[in-house]
Every structure is written in structure tokens, then in C-alpha cells.
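Dear colleague,

Please find below the structure that I am handing over to you.

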Amino acid sequence: MKKDEQSVPTKHGTTRKAIYGSLSNSNFNGVKTLLTHMKFSELLRSCSFDLIPEHLRPIYNDIQRVSTPKRRNGLEDFFYKHLAQSTPIAGIVPPILVGCMHEVEFIENNNSGMIGEIDVQQENTFIIDGINRCGTAGTIIGGFDNQLLRFGKESKNRLARRIEIRNLIAELEVPVMFIFREKGKLTRDDFAQIFCDVNGQQQPLTMNQLIKLWDDPATELAKKIGNDIVIKSHGGMTDKSKKVTENSDFIITLNSLTRFVLGAVGGYNMQTKLKGVREMNDGSIFNSSHTLEIEKDLLLFFNTWVDIQGDKFSNDRKGFQLVTTLIQALGLVFHHIWHCCSNMSKTERTHQIYIAAKKLAQINYSRDAEHWKNCSFLTLNEDDLNYKVNSGGSTTRKHFARYLCSKIGFNY
């Protein structure tokens with residue numbers, strides 16, 4: 001309802017705050033919106049984030065994923081990457097949607113029909129979309145309790161980075177949309193419906209789509225490997241598909257090579273972190289310096305492994321050499337050899353990596369090869385006497401890496 005410009009009614013026990021912004025001129029089935037920009041610290045004080053009422057809790061629990069430490073840390077690293085200016089690439093914080101479950105008094109500017117003012121009650125205003133963004137900001141700034149967060153152990157490096165951007169996050173302005181009824185207040189059913197509309201209609205990008213769009217050191221090195229003449233001579237790389245089939249006109253995928261690079265740089269834990277900013281084992285944030293350090297040896301390792309296999313690499317389309325998890329496991333093998341040889345000179349280490357790649361290339365990757373019987377994670381298909389993987393992707397990568405290392409004299 002429109003507010004009397006001469007007075008702002010207040011109710012005992014509630015905290016009211018005036019919000020200024022672009023007010024929708026019309027309503028959508030009785031619902032109006034006001035779009036504004038607020039500092040994170042101001043936003044967190046303008047809505048109830050730590051005291052979610054019981055009648056709303058099932059909505060958050062059943063529909064919205066809980067803001068886990070892993071998700072929160074990924075977003076925190078995104079904030080750090082841009083606020084600490086460690087990347088020249090632009091980025092934004094998507095708008096945060098807030099629902100007002102109380103009668104909202106508003107003033108329209110009759111001159112423009114858009115600029116307006118609303119009064120919100122903090123205790124009855126709740127986040128519809130942006131829980132992870134607000135929870136992460138609240139964790140960095142400190143002093144904001146939150147029932148929706150699960151906390152984990154923080155590394156010293158993360159805490160140091162958090163201190164570095166704490167004030168920057170507190171002052172960071174983000175777009176916020178307040179949603180309210182023109183008459184009356186949003187009910188629990190209204191809130192649930194809007195919550196479902198916003199969180200249920202989103203169509204996430206596939207991993208292949210994300211990889212193609214990223215300006216990411218691991219992806220860039222993967223592209224360099226995939227565009228090498230050795231790979232092109234066998235059919236080249238694709239960024240559209242996630243696996244190689246018998247009829248594919250390509251021989252490897254960008255997805256596989258990106259995970260291969262991540263495994264080579266940071267080992268198994270890094271290989272699972274395709275999204276967001278990644279933290280190395282020493283706590284530093286993964287960047288181009290980490291790929292530059294291994295680039296020449298990694299290109300030598302992979303190209304040698306492919307080249308020495310000869311035509312069989314691309315002709316045997318059913319062989320394990322084209323299986324995504326085995327290629328990813330090769331990254332883990334490289335990572336292990338690199339660190340096992342860390343005390344050697346650069347020349348000697350490069351030689352060891354070349355010898356390892358040559359030995360790995362001489363393994364028979366055909367599915368009917370007898371040596372696969374020594375792999376506990378492979379099962380013999382008695383119908384065609386071929387071996388097949390009988391476990392999930394992440395487990396298979398570890399098993400393949402362990403087996404391949406044993407074949408060249410390394411304990412993984």
C-alpha cells in the first residue's frame with residue numbers, strides 16, 4: 001500500500017528500513033518489485049538471515065541446497081580472485097532476490113513513475129535466491145550467525161585471504177530485488193511458489209559448455225595438448241562431446257584433457273574441481289604459473305604416450321587408451337612421477353618423465369589383454385572375453401593410476 005509521505009508508521013518489536021530504488025510501475029498478479037544496489041553488510045542487516053522461521057524452514061531444506069563449506073569456499077575464492085585483482089577478466093555478482101512477508105508501504109515518484117521507496121521489516125524479510133552468496137559474504141565479514149550454514153575446518157591460507165578481502169566484501173555493492181505484494185503481504189505459499197519458480201526453472205550449463213567458455217589455465221593447456229600435431233594426426237580433439245565412440249571423427253575430448261591437466265597439476269583432489277577457483281595442496285590458489293611450470297614436460301609426456309602407440313591408439317576404438325578415466329588417470333601418474341623426481345635436476349626429471357611415458361605407451365590397452373586380470377577393479381565379460389570397468393569414475397581414476405604406476409616401477 002502507498003505510504004503517507006508525512007509519516008512512517010512503526011510497529012512495536014519490528015525494525016523498519018527505508019529502501020530506495022527502481023520501483024516497478026505495474027504489478028505481476030499483485031506482486032511488485034523494487035530493484036536497488038546495496039552493500040553486502042547493509043543487505044545482511046536488512047533481512048532475516050540467521051532466524052529462519054519454522055514455517056519457512058522446509059522450503060529451504062527441501063528445495064535449496066544447503067550452503068556447504070565446499071560451495072562457500074568456491075564462491076569465496078571467486079570473490080578473492082576478482083577483488084584482489086588476481087585476474088584481468090571481468091566478473092559480476094548475480095542479483096539477490098528478497099521476499100517481504102509483511103505489508104510493504106511504498107512511495108512512487110509521480111514524476112518518473114519508476115524511482116521509489118519502500119519500507120521493509122528486517123524480521124519478516126527473507127532471501128529467495130542468493131543464500132550462498134549472502135552466506136559467503138557473511139562468513140567473510142564475520143558477525144552474522146546463520147542457521148543455514150555448515151562449517152568446516154579452514155586452512156591458514158584461506159583465513160589470510162579472508163582477512164585481505166573482508167573490508168572489500170563489506171563495501172561491495174550488489175544488485176538486490178525486493179519482492180512484495182502491492183496489497184497485503186506475501187504468504188508462505190507465495191514465498192514457496194516464487195522460491196520454486198526461481199530455483200527450479202534454472203537450466204545449468206553442462207560441463208562441456210562451461211569448459212568451452214572458461215578463460216582457465218587448465219583448459220588453455222588442455223587445448224594446447226589437443227591441438228598438437230600428434231593428436232591431430234589421429235583425428236584431433238572436440239569440445240562438443242564428452243566421450244569418444246567407434247564412429248567419432250575425433251580421438252579425444254576437451255573435457256578429458258582438462259581433467260588430465262588438473263590431475264597433473266594438483267593430483268586427485270584437484271581433478272575433481274572443475275568449477276570455480278581451485279586451491280592447491282599448499283593452500284595457494286591455482287593459476288597459470290602452476291601450468292607453466294609443468295607445461296613442457298606434460299606435453300612431452302602425453303605426446304610420447306600417444307606417438308609410440310602408433311596407429312593402434314586411434315584404430316582400436318574400444319581400447320582402454322581412449323577411456324576417459326584412463327586418460328584422466330595418466331594425469332595422476334604424471335603428478336606422482338613429477339613429485340617423486342622433485343629432487344632431480346630439470347633435465348634428469350624430464351628424462352624420467354619421457355622414459356615413463358614410453359613404458360606406458362608399450363602397455364597393451366586392448367580390452368582382451370591378459371594382463372588386465374591383475375586389475376581388481378576390472379571385470380571379465382565372459383560373453384566376449386573382454387574386460388570392463390566395474391566402478392565409478394573417481395574410483396576408477398585412482399585404480400588406473402595405481403595400476404599404471406605399478407607397470408612402470410612406481411608405487412602410487
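The model is a predicted one. It contains an open sheet of seven strands with mixed pairing, arranged in the order β4-β5-β1-β2-β7-β3-β6. The edge positions are taken by β4 (105–108) and β6 (125–129); each has a single partner strand, so one side of each lacks a neighbour in the sheet. On average, and with direction ignored, neighbouring strands of this sheet are turned by 35 degrees against each other.

I turn now to the nonpolar cores. The largest has 61 residues, and those with the most contacts inside it are F260, F302, W305, L326, L360 and W372. Two or more residues each are given to this core by α8 (217–226), α9 (229–232), α10 (254–271), α11 (288–309), α13 (324–340), α14 (346–361) and α15 (393–407). Of these, α13 provides the largest share, with nine residues.

Leaving aside residues up to four places away in sequence, W305 touches F313, Q321, L326, L330, A357, L360, A361 and Y365. Another core, of 46 residues, lies apart from the largest one; among its members are V31, L97, M101 and C134.

With kind regards

Key
Residues numbered from 1 in each chain as written. Predicted model: local features only at pLDDT ≥ 70, side-chain atom pairs only at ≥ 80, totals over all residues. Heavy atoms only, no water. Core = buried A, V, L, I, M, F, W, Y, C linked by side-chain atoms within 4.5 Å. Buried < 20%, exposed > 50% of the residue type's maximum accessible area, 1.4 Å probe, protein only. Helix = DSSP H or I, 4+ residues; strand = E, 2+ residues; numbered from the N terminus. Contact = heavy atoms within 4.5 Å. Pairing = 2+ DSSP bridges. Axes fitted to C-alpha atoms, helices over the stretch in contact; angles between N-to-C directions.
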